[in-house]
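Thanks, everyone. I'll take you through one structure today. Have a look at it first.

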Amino acid sequence: MDPAQRRVYDKIVGGRRGKIQGPLRAALHSAELADRWQALGELLRYNTALTPRQSELAILVTGRACRSPFEWYAHKSEAEKVGISPVVIEALLAEILPSSLLEDEAVVVQYARELNATNSVSDGTHARALACLGTRALVELTALVGYYTMVAMMLNAQEIPLPEGETPAFPLPQKDSP
């Protein structure tokens, strides 16, 4: 690593993440990109009006929609840590709206599903999410889904591997041969 990359690396491992994995492994090849990436990620992951459960639900929906095995792997355990049940996680993996969610969580899942599927949301979903979450959380939810879409794209395109011995929950998107 050059000195700029080392500074960013040290910042990442010295922060809340405690390690460098996933997309930051690739982004670190561009120190400025990695530094801004990790700052935005830290903001969206830890410092929004969303609850940790709401955030992890949106991230799982996005990881599944983007077919990113690493994102799913990393956030499945984070979802479990914040008390999301295995039944809910399995429903999200199967791309089914879990029936056992609280209202605010169901709103987050529906919003994230629509945003991932259509790159927007219906007026009804937007109104329901706004009423349930408020303006700030809704803006942050939209940014969170966009950020984790970028994460998934980096993970998939750069083929960031799962830790040794881990099996992907679903296959990577197929790549065309040249």
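**Aromatic pairs and the core**

Start with Y147, which is buried because its relative accessible area is 6%, below the 20% cut-off. Keep in mind that this is a predicted model.

What does Y147 pair with? Its partner is W37, and the two rings sit edge-to-face. The centres are 6.3 Å apart, with 70° between the planes. W37 is in helix α3, residues 31–46, and Y147 is in helix α9, so the pair ties together parts that are 110 residues apart in sequence. W37 counts as buried too, because its relative accessibility is 5%.

A search of the whole structure turns up four aromatic pairs. Another one is W72 with F170. That pair is edge-to-face, at 6.3 Å centre to centre and 70° between the planes. Here W72 comes from helix α5 and F170 from the segment after α9, so parts 98 residues apart in sequence are tied together. Both partners are buried: W72 has a relative accessible area of 3%, and F170 has 6%.

F170 has a further neighbour. The charged end of R64 sits over the F170 ring, 4.3 Å from its centre.

Now back to α9. This helix covers residues 135–157, 23 residues in total. It reaches 33 Å from first C-alpha to last, close to the 33 Å expected at 1.5 Å a residue. Just after α9, E159 takes a positive phi of about 50°.

Next, the core. The largest nonpolar core has 50 residues, and L57, L92 and L141 touch the most other members. Which helix gives the most to this core? That is α9, with 10 residues. Take L141: setting aside neighbours within four places in sequence, L141 contacts L50, A58, V108, Y111 and L133.

I84 is in the loop between α5 and α6. Is I84 buried or exposed? It counts as buried, because its relative accessibility is 3%. Beyond residues up to four places away in sequence, I84 touches R53, E56, L57, A79 and I89.

Last, the annotation. An unreviewed UniProt entry places "domain: Carboxymuconolactone decarboxylase-like" at residues 32–113. In the model, that stretch is 74% helix and 0% strand. Its end C-alpha atoms are 31 Å apart.

Note on methods:
Residues numbered from 1 in each chain as written. Predicted model: local features only at pLDDT ≥ 70, side-chain atom pairs only at ≥ 80, totals over all residues. Heavy atoms only, no water. Helix = DSSP H or I, 4+ residues; strand = E, 2+ residues; numbered from the N terminus. Expected span 1.5 Å × (residues − 1). Buried < 20%, exposed > 50% of the residue type's maximum accessible area, 1.4 Å probe, protein only. Contact = heavy atoms within 4.5 Å. Core = buried A, V, L, I, M, F, W, Y, C linked by side-chain atoms within 4.5 Å. UniProt positions renumbered as here; feature names shortened; annotations may be inferred. Phe/Tyr/Trp six-rings, centres within 6.5 Å; stacked < 30°, edge-to-face > 60°. Lys NZ or Arg CZ within 6 Å of the ring centre and 35° of its normal.
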